[in-house]
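Keep the sequence and the 3D view open as you read.

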Amino acid sequence: MDESKAFVSTFLLALFVYLFLTLAAGRSMIEGSILWSVEELVLGISIALIVGAVGSSILCRSGNYRMLNPLRWLIILVYCVPLFVEMVKANMDMAYRVITGKIDPGIVRISPKLKTDLGITALANSITLTPGTLTVDVDDETGDLFIHWINVGKNPTKTIAGNFLPWIRRFAE
Amino acid sequence: MIFTAFLYGLLVVSVLFNGLGVIGLHRFPDVYTRLHAATKCTTFGTIFMTFAVMAYSGYMYYTNPDQTEYLNMSLHTLAALVAILITNPTGAHAIARAAHRVGIKPKFASVDHLAKKEGYP
């Protein structure tokens with residue numbers, strides 16, 4: 001039961017990626033009315049079958065299928081908006097620091113208390129994407145992150161991760 | 001005409017932030033602060049470059065619906081954007097971690113909690 005679930009989810013993901021990359025790549029849109037030609041679909045399904053057979057034990061290693069819920073993917077898409085706003089604000093700040101050279105760097109420890117690997121990865125990447133903060137290391141046991149902060153301030157957990165944490169809890173926990 | 005100006009605007013923002021990244025790379029004192037400039041400003045600039053490509057190809061597809069390769073180009077640029085957003089911070093993280101492991105201390109640092117955890121002064 002569990003193996004077939006892993007196989008089906010890997011197969012669907014591989015098929016989705018294949019169909020996304022080949023969307024409108026051929027001439028089938030002009031000749032017929034469908035987006036993919038039949039040959040394309042057959043090839044995509046056979047490749048996705050191979051990928052599902054080989055990769056399902058790697059992709060579904062954790063044995064947790066909460067990401068099958070499409071609502072979580074929708075939340076990831078919505079999350080791009082506050083992430084982009086943060087990036088704009090922080091890039092202005094970064095431009096100011098590059099031009100004036102006013103920096104006060106240091107490595108601080110924050111404890112976001114996220115439980116899943118996906119959540120920690122998403123938070124670490126979001127923190128690195130917003131300039132002024134750079135994830136250096138992670139404490140595997142507690143999930144604490146070590147952040148190189150270019151202008152050290154007070155209350156690092158709230159200042160650095162405060163805007164991302166509610167969103168990441170929504171899709172990763 | 002207005003659309004071309006819009007595209008030029010996106011490209012100018014992109015070049016501006018990529019240029020800031022280069023200036024920061026020269027100005028900052030050590031590997032960590034340089035990573036800030038070299039990875040983040042360039043990510044932000046490159047995002048605007050991909051926006052320009054997507055806007056251009058989407059507009060071309062909208063005006064000539066026969067040429068589906070424009071739609072294809074737009075989608076592939078979106079895939080490249082997702083790849084940049086995932087790999088660029090991961091690469092910066094790997095470089096910073098490796099630098100700290102071999103013992104490079106952050107210059108002018110007021111606090112260093114990681115050094116405390118790893119046990120060297």
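Read from the N terminus, the elements of chain B follow the order α-α-α-α. This is a predicted model, in which local features need pLDDT of at least 70, side-chain atom pairs count only at pLDDT 80 or more, and totals for chains, interfaces and linings use all residues. Residues are numbered from 1 along each chain as its sequence is written, and chains are lettered from A and ligands numbered from 1 in the order in which they are written.

**Chain B overall**

- Chain B has 4 helices and 0 strands. Helices (H or I, at least four residues) and strands (E, at least two) are DSSP runs, numbered from the N terminus.
- Chain B has 121 residues, and 29% of them are buried. A residue is buried if 20 or more other C-beta atoms lie within 10 Å of its own, exposed if 12 or fewer, and partly exposed in between; the C-beta atoms are placed from the backbone.
- Take the contacts in chain B between residues at least 6 apart in sequence: 62% of them join residues at least 24 apart. Contact means that the C-beta atoms of two residues, placed from the backbone, lie within 7 Å.

**A helix pair in chain B**

- Helix α1 (residues 2-27) and helix α2 (residues 31-63) of chain B have axes that come within 7 Å and cross at roughly 165°. Axes are lines fitted to C-alpha atoms, for helices over the stretch in contact, and angles run from 0 to 180 degrees between N-to-C directions.
- α1(B) and α2(B) are therefore roughly antiparallel. Angles over 145 degrees count as roughly antiparallel, under 35 as roughly parallel, 65 to 115 as roughly perpendicular, and the rest as oblique.
- The contact of α1(B) with α2(B) involves 20 nonpolar, 7 polar and 1 charged residues. Ala, Val, Leu, Ile, Met, Phe, Trp, Tyr, Cys and Pro count as nonpolar, Asp, Glu, Lys and Arg as charged, and the others, Gly among them, as polar.
- B:Tyr62 sits in helix α2 of chain B. B:Tyr62 counts as exposed, with 10 C-beta neighbours inside 10 Å.
- B:Tyr62 and B:Pro29 are 33 residues apart in sequence, and their C-alpha atoms are 48 Å apart in space.

**Chain A**

- Chain A is divided into domain 1 (2-63) and domain 2 (68-172). The bounds come from an automatic or database domain assignment.
- The centres of the two domains of chain A, taken over C-alpha atoms, are 33 Å apart.
- A:Ala14 lies in helix α1 of chain A. Is A:Ala14 buried or exposed? A:Ala14 is buried, with 22 other C-beta atoms within 10 Å.
- Leaving out residues up to four places away in sequence, A:Ala14 touches A:Ile47, A:Ala48, A:Val51 and A:Gly52.
- The axes of α4(A) and helix α7 (residues 165-172) of chain A come within 9 Å and cross at roughly 165°. That makes α4(A) roughly antiparallel to α7(A).
- From α4(A), A:Arg72, A:Ile75, A:Ile76, A:Tyr79 and A:Pro82 meet A:Trp167, A:Arg170 and A:Phe171 of α7(A). The residues of this contact divide into 6 nonpolar, no polar and 2 charged.

**Where the chains meet**

- In chain A, 34 residues are in contact with 37 residues of chain B.
- α4(A) gives the largest share of the side of chain A that touches chain B, 5 residues.
- That side of chain A has 23 nonpolar, 8 polar and 3 charged residues.
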